[in-house]
There are 2 protein chains.
Amino acid sequence: MELTERQKNLLLLIVKDYIETARPVSSKGLAEHYHIHLSPATIRNEMAVLTEMGYLRQPHVSAGRVPTEEGYRYFVREMMNQAELPESVQRMIAHQFYQSRPDIDQWMTLAASVLAHQSQGVSVVTAPHPDQVKFKHVELISTQGRQVLMVLVMVGGEVSQQILTLSEPVTQERLSQTAARLNKLLAGLTADDIASLPARSDALDQDMMMLILQDMRRSESRLAGEIYTDGLTNVLSEPEFVESDEARRALRLFEERSTLQDLLVRTTLNSSVGGLQVLIGGEGGWEELRQCSMVVARYGVPGLVTGMLGVLGPMRMPYARTIPTVRYVAGLLSDLVNETIAGE
Amino acid sequence: MELTERQKNLLLLIVKDYIETARPVSSKGLAEHYHIHLSPATIRNEMAVLTEMGYLRQPHVSAGRVPTEEGYRYFVREMMNQAELPESVQRMIAHQFYQSRPDIDQWMTLAASVLAHQSQGVSVVTAPHPDQVKFKHVELISTQGRQVLMVLVMVGGEVSQQILTLSEPVTQERLSQTAARLNKLLAGLTADDIASLPARSDALDQDMMMLILQDMRRSESRLAGEIYTDGLTNVLSEPEFVESDEARRALRLFEERSTLQDLLVRTTLNSSVGGLQVLIGGEGGWEELRQCSMVVARYGVPGLVTGMLGVLGPMRMPYARTIPTVRYVAGLLSDLVNETIAGE
DNA sequence: ATATAGCACTCTCGAAATGAGAGTGCTAAC
DNA sequence: GTTAGCACTCTCATTTCGAGAGTGCTATAT
């Protein structure tokens with residue numbers, strides 16, 4: 001069954017109003033607030049129909065109407081394509097990015113901060129992660145005695161570092177030689193490639209190679225790279241979170257990195273870069289998030305390096321603000337990633 | 001005026017009980033719950049005295065007693081020296097640390113997690129930070145085109161990395177030579193030392209040196225290094241935070257890194273490594289934390305590299321658990337830092 | 001047919017009323 | 001010094017109540 005034009009406008013207006021005020025919207029209030037040329041009675045009739053169709057519901061018989069999940073979905077579907085971030089805001093955001101120093105960590109933190117601020121929700125951003133990790137460069141630096149700092153650089157610029165403790169002291173010179181040999185040998189190889197290489201005759205070389213392999217595996221398994229979040233306290237004052245334990249429990253998800261990653265991976269697996277998903281009411285099997293919505297997007301260079309970013313908020317979140325912001329920041333990060341690995 | 005032995009015991013018991021139950025403790029309840037050989041009436045008399053002296057107060061005339069800040073302070077002072085973490089817990093924690101891979105980042109995350117879990121509060125840990133940054137090693141790696149990854153290692157193992165974009169492409173070979181020259185020239189120097197060096201004749205060398213200097217300055221100004229926190233959601237369900245807006249607002253401090261740093265620096269400036277401070281009710285001029293307490297400690301090698309860690313919770317926090325945990329983890333981190341930079 | 005006015009009806013929400021219970025302080029006796 | 005007893009106070013949960021909000025339905029106007 002289709003919605004008439006009038007029903008559609010009314011529905012959108014109701015959702016919008018509810019998002020702003022957080023209280024059930026009444027026929028009278030609607031008629032007054034927005035000067036529609038309709039009487040409350042007429043609006044009531046239409047509301048009854050919309051309720052029948054599952055877009056609205058009444059908390060109790062003598063309250064106004066509140067959108068159902070279906071109602072939110074309709075709203076989001078309608079405004080998805082039209083919503084644009086004001087240009088001044090775009091410039092402001094872009095400015096911050098291009099002014100920060102060019103460092104993945106900075107960018108991620110900044111992205112999380114911008115998202116949280118603009119949307120007044122909780123933001124999550126994962127660092128860009130190569131689909132397949134390739135060795136680029138290793139550096140072995142003796143700190144002192146048997147302690148060695150290993151800095152491993154992957155193709156694409158990802159860096160991992162760790163401190164090793166050797167069984168016996170080794171000179172910096174020997175470390176440098178080992179590093180040089182490995183750099184030549186392993187350049188551009190994937191973890192699988194390295195695993196299938198024959199053992200090195202030199203014991204130190206062999207040990208280091210194994211450690212590198214291990215590190216690359218670890219890097220690969222971190223499906224989504226590091227996770228940055230911001231704005232946790234934003235939602236604390238939202239009525240949904242003050243009142244319901246359930247909503248508060250949802251926040252716990254955001255502190256547990258492993259579940260969070262799971263969530264992200266699951267929701268963004270089938271979404272392509274550029275595409276944007278809105279999950280309303282914990283769609284996709286997240287019981288804990290039944291009262292929440294997420295706006296997520298993937299960014300990066302498809303097939304090479306990608307990451308994801310999103311915003312979580314109450315189902316009543318300001319989609320009109322959140323959606324374009326997520327989309328814009330995703331685009332920005334894609335550009336930055338692109339520039340960084342250009343000409344690969 | 002001194003407290004009699006009986007008053008002291010009573011006071012400690014009351015504080016302990018209140019910490020556990022979160023509700024005002026009554027004379028009767030106290031007499032029943034702990035089998036003291038005293039009647040409620042006697043206890044009431046003593047309570048009246050303790051109230052007089054400012055250690056207790058009554059939320060209203062017909063409620064039990066609640067500790068005042070002064071009461072908490074007394075409690076903490078008394079148990080400060082005796083509280084010990086059960087050995088099984090100690091082993092469990094140590095195990096986690098020695099099992100994790102030896103990486104500052106891992107350690108910090110782990111420390112934050114352990115603190116948050118054990119104390120059921122919000123934990124904060126700052127990475128160890130050298131009192132004075134000294135150059136150790138630089139590595140320049142061409143990623144592609146004009147993009148160069150600069151990895152800077154300080155004495156002590158601190159690493160900073162950034163991506164540079166040069167005005168024109170430079171070969172890896174030339175970068176390596178520059179790095180080698182700078183490594184020789186700058187080894188062991190402080191930022192000030194470097195600033196006073198004459199300009200290099202080679203333009204690339206000079207540019208890089210300036211960038212290194214800049215990076216070191218930045219590293220120095222980050223007074224407390226990176227900040228790790230955990231357990232934010234722990235306190236959300238505590239009654240204090242559910243009820244009062246004020247307490248909730250305090251959490252906002254913890255999302256704003258800059259204020260947080262300020263707080264840490266100010267509170268730990270005059271505390272020595274090994275010492276442990278308990279700030280009750282926002283002592284030290286933090287209005288926002290009037291309802292909270294913090295247990296903070298400094299760790300590391302005095303005069304060389306230090307960091308700090310702490311736990312924030314409601315004034316009603318389980319000090320008996322938190323204090324020994326903070327102390328133990330601080331010791332552990334000190335050991336780890338020590339091992340890492342041993343023989344410097 | 002569609003929109004509207006009117007009205008009866010239902011339900012929530014806040015305020016006021018009430019009463020039980022918790023806990024105290026004081027006094028007098030042990 | 002300790003304790004039993006008792007009067008007193010205040011809170012908190014519960015109930016009652018009425019006002020108000022908002023609806024759905026029906027009859028009327030366009």
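Contact here means C-beta atoms, placed from the backbone, within 7 Å. Helices are DSSP runs of H or I with at least four residues, strands are E runs with at least two, and both are numbered from the N terminus.

Before you go on: this is a predicted model, in which local features need pLDDT of at least 70, side-chain atom pairs count only at pLDDT 80 or more, and totals for chains, interfaces and linings use all residues. Residues are numbered from 1 along each chain as its sequence is written, while chains are lettered from A and ligands numbered from 1 in the order in which they are written.

Back to the helices. How do α1(A) and α3(A) pack? Their angle is about 85 degrees, with the axes 10 Å apart; axes are lines fitted to C-alpha atoms, for helices over the stretch in contact, and angles run from 0 to 180 degrees between N-to-C directions. That makes α1(A) roughly perpendicular to α3(A) (65 to 115 degrees). Color the contact by class and you get five nonpolar, one polar and two charged residues. Ala, Val, Leu, Ile, Met, Phe, Trp, Tyr, Cys and Pro count as nonpolar, Asp, Glu, Lys and Arg as charged, and the others, Gly among them, as polar.

**Next: DNA strand C**

Show the 20 residues that surround DNA strand C; A:Thr42, A:Val61, A:Ser62, B:Ser26 and B:Ser27 are the closest. Near means a C-beta atom, placed from the backbone, within 6 Å. α3 (40-52) of chain A, plus α2 (27-33) and α3 (40-52) of chain B, each give two or more residues to this surface. Which element gives the most? That's α3(B), with four residues. By class, expect seven nonpolar, 10 polar and three charged residues.

**Then: where the chains touch**

Select the 32 residues of chain A in contact with 32 residues of chain B. On chain A's side, β5 (135-144), β6 (147-154), β7 (159-165) and α11 (245-253) give two or more residues. That side divides into 11 nonpolar, 13 polar and eight charged.

Chain A has 13 helices and 11 strands. Its C-alpha atoms fill a box of roughly 90 × 40 × 35 Å along the principal axes.

Notes. Angles under 35 degrees count as roughly parallel, over 145 as roughly antiparallel, 65 to 115 as roughly perpendicular and the rest as oblique. Two residues are in contact if their C-beta atoms, placed from the backbone, lie within 7 Å.
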